[in-house]
Amino acid sequence: MSVRRKLAAGVLAVLACFGGTLAAGQSVGSKPVVVPSFELPYSSFNPPETIALFEKMRSLPRLPANATPADARKFYAVVNEDRVRRMRAMYDVKVSDVTIGGVHVQRVVPTAGVAAANRGRLLINLHGGAFMWGADSGALAEAIPIAAVGRIEVLTVDYRMAPEYRFPAATEDVIAVYQQLLTRYSPKAIGIYGCSAGGFLTAQSVAWMIDKKIPVPGAIGTFCASLVGLDGDSAYFAVAATGVVPSAATMLGIGSMPYFAGTRADDPLVVPGVSPAIVARFPPTLLITGTRDFAMSSVIHSNELLRAQAVKTELRVWDGMPHAFFVDPEAAESKQAYTAIVEFFAATLAAR
């Protein structure tokens, strides 16, 4: 088995343990705290419809531990197609396929039309999926509710992923689309957002723009991942909250992901948070996470790094919610997140 195949298998094995989430690497201290076993209830702040959604999700099939990247893509395509079906029953949008800058893009617009205030504004979505899956239905699950609730056009980028491609392929695709859009839109009128891998890719893309002297967008959203690696307390606690005992096998850092094979953790184009100079030039940033998100510590720490450089931020944390919780549209917390995203970009992007 090749090194790339082994890396992919390792990531997928961990994902299979707790329903599609990905833990982070964190060094263990010489005297770790031993946490006794106990029963963890759902948060008392979660409403009944959220609890019902959690119970439904627990009953769904899990990705097998020996799944290949191809297996994972098929598995999550089914999961995301169901999400899109449910979303389209709730939100009325039109979806079309276009090519921008030589990259395939899905265009999502509200059937009711773009609001007058958003004409001349545009949002770019970068989907999640561990840089290995999430295109098409996964992307639409992130774009549909924002386009409908915000009455704004959303373009979701079908960027290149592992194991076929490695860093910086995805960033290059995002930049190709963005630069083509700059011929028609002011950068201050463009927002970029993404969840999980897409949140990390959003930060990487902005770092690339800064490094290459490309105008940055008017605002960005980094959700359930941000400017730094997936480390910190939540990398342990969120895994434990799924019923899996955290261990070396569940602690995977960025370097263990196939897409980042051969990269360095001190490269600011890979991990933007390592460079205060680059962080200082970030646009206003919305950060979203949940208290049971394995990336919560990453998001919170990224917020502090941004604020230390006087970057305007808005941090939103929902109690009891897991990684990428808002891709399931029924929960009250998901609807609150959609509103938060829409209101943030409405307040930060330049008007027509």
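**Salt bridges and a pocket in a predicted model**

Good morning. The lining of the second largest pocket comprises seven nonpolar, five polar and two charged residues. Here Ala, Val, Leu, Ile, Met, Phe, Trp, Tyr, Cys and Pro count as nonpolar, Asp, Glu, Lys and Arg as charged, and the others, Gly among them, as polar. A pocket is an open set of points on a 1 Å grid over the protein atoms alone, where a 1.4 Å probe fits, with protein on both sides within 12 Å along at least five of seven lines; lining residues have an atom within 4 Å of a point.

The model is predicted: local features need pLDDT of at least 70, and side-chain atom pairs count only at pLDDT 80 or more, while totals for chains, interfaces and linings use all residues. Residues are numbered from 1 along each chain as its sequence is written, and side-chain values use heavy atoms, leaving out hydrogens and water.

I turn to salt bridges, in which a side-chain nitrogen of Lys or Arg is within 4 Å of a carboxyl oxygen of Asp or Glu. The whole structure contains 13 salt bridges. In one of them, Arg86 pairs with Asp82, with the closest N and O atoms 2.8 Å apart. Arg86 is buried at 10% relative accessibility, whereas Asp82 is partly exposed at 26%. Buried means under 20% relative accessible area, exposed over 50%, and partly exposed in between, with a 1.4 Å probe and protein chains only.

Finally, Asp266 and Arg264 meet in a salt bridge at 2.8 Å, N to O. Both Asp266 and Arg264 are exposed. Thank you.
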